[in-house]
Amino acid sequence: MNRPSPSQTPQPEPTTKLSEGWHCLHLYYRVDQSALNRLCSSELAEGREALVHLLDPERPGAPARLQTSVVSGHKADLGLMIMDPDPLLIDGVRQAVRASKLGTVLHPTYSFVSITEVSEYVPTLEQYGAKLQRDEGMKVDDPAYTAKLNAYGQRLPMMNKQRLCPDFPNWPVTCFYPMNKSRHPSANWFMEPFSSRSAMMSEHATSGIKFAGRVSQLITASTGFDDWEWGVTLWGRNPESIKDIVYTMRFDTASARYAEFGPFYISYIKPAAEALEHLQI
Ligand code: 76R
């Protein structure tokens, strides 16, 4: 069927790094007030200082990306999003939180393990050219065709870099949720031919592009890594943009027919010191 075939190239050295891209970990904690009450003020000060240092994305030895946020609602209080080529450097942050003086205070409530990828539905330059001819009726000798193709060729490496080793936008709101594509007998994504999945993802991408400048997304892959197939991380210029995009996408066929969603975490990005202050730790 449409199964991807394993690479035939000679096997590289065994490694915990990915051949391209980064590992990603989302962590959520709830403040345990009774554990907090048990700390004396010097332990608290020590714990706070250790955590502020640990969660400083600029400190020497910090993971490539480290983001702290304050979570709305009872699911969690503090959210961390960590990315790096080395999964154990990422896990080191989790262990250091646990081993710190605030380790008993920050009660883990949810985690999500994933890796970055360039989706199989991102068109190659050749596929993009074929799509222009097929969907927009463009002719290969049309200068506008060449211009569009060249522009895509220029954008593609940067877009792939952003998918694999993303920079985080400097926006205040972030949303995370895991999702699957349905395997229900009457709506099984994985039984659809590549051509129809690809057409649905193209519709999906077209609806997403309308949010450029308001929402930025990172789709991380988690088959084999966690209980859902993808993690969706969104950053919003403002909170309503998050609601707008998630609602709009409910009407994309890829979501309306096939998407299944896990819990949603909406949070507000803050440096660690401010986040701890907000949490009254
Ligand atoms: O990577 C790209 O930008 C290329 C086009 C694209 C792909 C391949 C794209 C665009 N997405 C892709 C893949 Mn997406 N995306 C989601 C969600 O809530 C929901 O209904 C769905 C959750 C959002 C909000 C979102 C946003 N996308 C995927 C995949 C992998 C599917 C697979 O491999 O089978 C999932 C699970 C997924 C889900 N997507 C975009 C967006 C936005 C905003 C865009 C436009 C990006 C842009 O501005 O270029």
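Q: Which side chain has an N or O atom 3.2 Å from a nitrogen atom of the ligand?
A: That side chain belongs to Q217. The model is predicted, with local features needing pLDDT of at least 70 and side-chain atom pairs pLDDT 80 or more, while totals for chains, interfaces and linings use all residues. Residues are numbered from 1 along each chain as its sequence is written, and side-chain values use heavy atoms, without hydrogens and water.

Q: What lies 2.6 Å from an oxygen atom of the ligand?
A: An N or O atom in the side chain of S255 does. A polar contact here is a pair of N or O atoms within 3.5 Å.

Q: How many residues surround the ligand?
A: There are 22, and the closest are Y121, R163, Y177, H204 and S255. A residue counts as near if one of its heavy atoms lies within 4 Å.

Q: Which element gives the most to that shell?
A: Helix α6 does, with five residues. Helices are DSSP runs (H or I) of at least four residues, and strands are runs (E) of at least two, numbered from the N terminus.

Q: And what donates to the manganese atom?
A: The single protein donor is NE2 of H204, 2.2 Å away; H204 is in helix α6. Donors are N, O and S atoms within 2.8 Å of the metal (3.2 Å for Na, K and Ca); water is not among the atoms, so sites may look incomplete.

Q: Changing topic, is G61 buried or exposed?
A: G61 is exposed, with a relative accessible area of 53%. The cut-offs are under 20% for buried and over 50% for exposed, with partly exposed in between (1.4 Å probe, protein chains only).

Methods: Polar contact = N/O pair within 3.5 Å; in protein donor to acceptor, adjacent residues only side chain to side chain.
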